[in-house]
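This briefing goes through the sheet, the annotated positions and the salt bridges of one structure, in that order. Please keep the sequence and the model at hand while reading.

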Amino acid sequence: METSHAQITGLLLAGGRGMRMGGVDKGLQLLHGEPLAAHVLKRLAPQTGALLISANRHPDTYAALGAPFGATVVADTLPGFPGPLAGLLAGLRAAGTTYVLSAPCDSPWLPADLAARLALAMDSAQADIATVTTVDGEGQKSLHPVFALLRTTLADDLAAFLDAGERKVRAWYARHRAVEVVFGDERAFYNINSLQELADLERD
């Protein structure tokens with residue numbers, strides 16, 4: 001049975017420290033006059049029903065960014081910026097849908113068919129998690145684990161994993177039936193890690 005948009009909550013992950021950008025709030029940095037987070041929200045919104053923004057700083061700013069899309073801001077329940085899994089947990093707990101589609105705030109070109117392709121693969125494999133792999137021209141494979149479709153029923157297991165002090169996304173995925181979906185366009189999953197990269201893209 002085809003998964004509908006209404007069954008999926010989009011989750012923008014913007015709760016990190018932005019250490020590789022000098023500690024700035026990465027999702028609020030401008031690209032072509034708009035915050036990176038706004039670029040991602042525009043691409044997520046048509047693919048999902050409800051929208052959530054995982055943010056641990058500047059909640060009012062993110063709320064204003066998300067307002068046109070009806071997005072709600074959620075913060076980590078764990079202290080100390082413990083990483084993307086904490087943001088995922090907040091999203092899984094807050095979502096009122098069967099699935100959550102997560103994407104990082106620094107990847108402004110995510111594909112318009114991300115949800116559809118991950119949902120199809122998840123259904124075909126009877127999996128609990130579907131995530132993204134790209135393959136470059138030389139056949140080199142790269143996994144992009146924070147682009148993922150997850151069942152919200154995984155929340156309790158993720159909470160236990162984090163409570164045990166674990167933080168690695170791939171290690172948690174390995175506990176579950178996960179499927180990797182190959183996308184051909186590497187640029188669609190490009191994440192901006194430095195202010196210099198952002199400045200270079202601004203000139204493109």
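Strand β1 (residues 8-13) and strand β4 (residues 51-54) run parallel and are joined by four bridges; helices (H or I, at least four residues) and strands (E, at least two) are DSSP runs, numbered from the N terminus, and two strands pair if DSSP finds at least two bridges between them. The model is predicted, so that local features need pLDDT of at least 70 and side-chain atom pairs count only at pLDDT 80 or more, while totals for chains, interfaces and linings use all residues. Residues are numbered from 1 along each chain as its sequence is written, and side-chain values use heavy atoms, with hydrogens and water left out.

**The sheet and the helix across it**

- Strands of a sheet pair through backbone hydrogen bonds, either parallel or antiparallel.

**Annotated positions**

- An unreviewed UniProt entry places the feature "binding site" at L13, A14, G15, K26, D76 and D106; such positions are given in the numbering used here, feature names are shortened, and annotations may be inferred rather than shown by experiment.
- G15 is found in the loop between β1 and β2 (30-31), and it counts as buried at 17% relative accessibility, where buried means under 20% relative accessible area, exposed over 50%, and partly exposed in between (1.4 Å probe, protein chains only).
- D76, in the loop between β5 and α3, also has an annotation of this kind and counts as buried because its relative accessibility is 15%.
- Not counting residues up to four places away in sequence, D76 touches S54, N56, P82, A86 and G87, contact meaning heavy atoms within 4.5 Å.
- The side chains of D76 and N56 make a polar contact (2.9 Å), that is, a pair of N or O atoms within 3.5 Å, of which, within protein, one must be able to donate a hydrogen and the other to accept it, with residues adjacent in sequence counting only if both atoms are side-chain atoms.

**Salt bridges**

- Six salt bridges are found in a search of the whole structure, each being a side-chain nitrogen of Lys or Arg within 4 Å of a carboxyl oxygen of Asp or Glu.
- One of them joins the side chains of K26 and D106 (2.9 Å, N to O); because K26 lies in the loop between β1 and β2 and D106 in the loop between β6 and α4 (114-125), the pair ties together parts that are 80 residues apart in sequence.
- K26 is buried, with a relative accessible area of 14%, and D106 counts as buried at 5% relative accessibility.
- The side chains of D156 and R93 also meet in a salt bridge (2.7 Å, N to O); D156 lies in helix α5 (residues 155-163) and R93 in helix α3, so the pair ties together parts that are 63 residues apart in sequence.
- D156 is exposed, with a relative accessible area of 53%, whereas R93 is partly exposed at 46%.
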